[in-house]
Amino acid sequence: MYPRFLGSNYPLSKHLFFSTRYSFSLLGLRFEKKPTIWTTAWLIFNFVNLAHCCQAEFSFGWFYITSSPVDAMDAFCPLACSLTNLFKMGCMWRHRTEVSLLIARIRQLTEQQSGQQKDKLKRGYYRTATLLSMLIFTLGTINTAAFVLRSFWEMWMRRHGPFNYDMPFRMHFPAIAHRLPLYPLAYLYSIWSGQVTVYSFVATDGFFFSFTLYVTFLLKALQMDLKCVLKSVQDPSERDSENCCQQLHNIIDRHNDIVGIVQRFSVIMAAPTFAQFLSGSLVIATAVIDILLRMAVPVSDESSTKGPKGD
């Protein structure tokens, strides 16, 4: 048993921006369907969940910045990633109409390119976009699971001492969330913020990556048609010259259409791309600082106590 999109016979129409449509649908954002009350409510919940957990991570890191810099960096590193994907989610929601039109236009242009060679090339680009994007989806989910397993391991290592009601990510919630009976719900709430981060990242960056491959296919198809037109004219008559000029005119129109699509895409993705590079630098910086601190400063039992203790 494996996902259907892995199959070689999976419809091309469903491959188009598969990771973006699937990931954002898990968050309640649907580009090619009208939103309902339930999807809108679910989208708002996910946005609030991620924003609230970003605040909880910042609160944790700020609280431990002087007493335990190692634990503070352990909070600030995922915080940079979460904030970036919160920003990306907001950008994609703001430009949801433009994104829908862009997806529809790409679908229309790619469907116009048919033929045995083009279909084979199209399937190759479509499958590559889907498989690599969903690979990141899988790895991101595994990363969230790793944080949960780390939390379980820390609980097991401290099983002989007082129980600490910690979260899988380094977060400080209100005190009531760090004790029973709300602790299990708060724990799941924290886990879900990790998945929201993964879904938002895959949806936005998958949109960027898939778009570049689809445009590459369109330009390849344009190149193939141009070679075919110029190759077919050996000793042209006046009628052949007119047909060649008309075909070249159509190719130029298609090229200008692709340029216009890329320009609209650049407007949508400029801010998320800048935020991605900025957050990438912050994640690398905090991760390196975290590693250096762990190598230089042994973490004591007191400094590893990261949350309010239960009664």
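Mentor: Let us begin with burial: a residue is called buried under 20% relative accessible area, exposed over 50%, and partly exposed in between, using a 1.4 Å probe and protein chains only. By that scale aspartate 257 is partly exposed, because its relative accessible area is 22%. This is a predicted model, in which local features need pLDDT of at least 70 and side-chain atom pairs count only at pLDDT 80 or more, while totals for chains, interfaces and linings use all residues. Residues are numbered from 1 along each chain as its sequence is written, and side-chain values use heavy atoms, with hydrogens and water left out.

Trainee: Which residue meets aspartate 257 in a salt bridge?

Mentor: Side chains of opposite charge can pair when their charged atoms come close. The term salt bridge requires a side-chain nitrogen of Lys or Arg within 4 Å of a carboxyl oxygen of Asp or Glu. Here the partner of aspartate 257 is arginine 105, with an N to O distance of 2.0 Å. This pair links distant parts of the chain, 152 residues apart: arginine 105 belongs to helix α5 (residues 96–112) and aspartate 257 to helix α8 (residues 238–296).

Trainee: How many salt bridges does a search of the whole structure find?

Mentor: The search finds five. Among them is the pair of lysine 118 and aspartate 225, whose closest N and O atoms are 2.8 Å apart. Lysine 118 lies in helix α6 (residues 116–157) and aspartate 225 in helix α7 (residues 183–232), 107 residues apart. Lysine 118 is buried, at 10% relative accessible area, and aspartate 225 also counts as buried, at 18%.

Trainee: How many helices and strands does the chain have?

Mentor: Helices (H or I, at least four residues) and strands (E, at least two) are DSSP runs, numbered from the N terminus. The chain has eight helices and zero strands. As for its overall form, the radius of gyration is taken over C-alpha atoms, and the globule rule is 2.2 Å times the number of residues to the power 0.38. The chain is more spread out than a compact globule, because its radius of gyration is 25 Å, well over the 19 Å that the rule gives for 311 residues. Along the principal axes, the C-alpha trace spans about 95 × 45 × 35 Å. Of the 311 residues, 43% count as buried.

Trainee: Is serine 82 buried or exposed, and which residues does serine 82 touch?

Mentor: Serine 82 sits in helix α4 (residues 69–94) and counts as buried, at 8% relative accessibility. A contact means heavy atoms within 4.5 Å. Not counting residues up to four places away in sequence, serine 82 touches Leu50, Cys54, Glu57 and Thr197. For the chain as a whole, among contacts between residues at least 6 apart in sequence, 76% join residues at least 24 apart.
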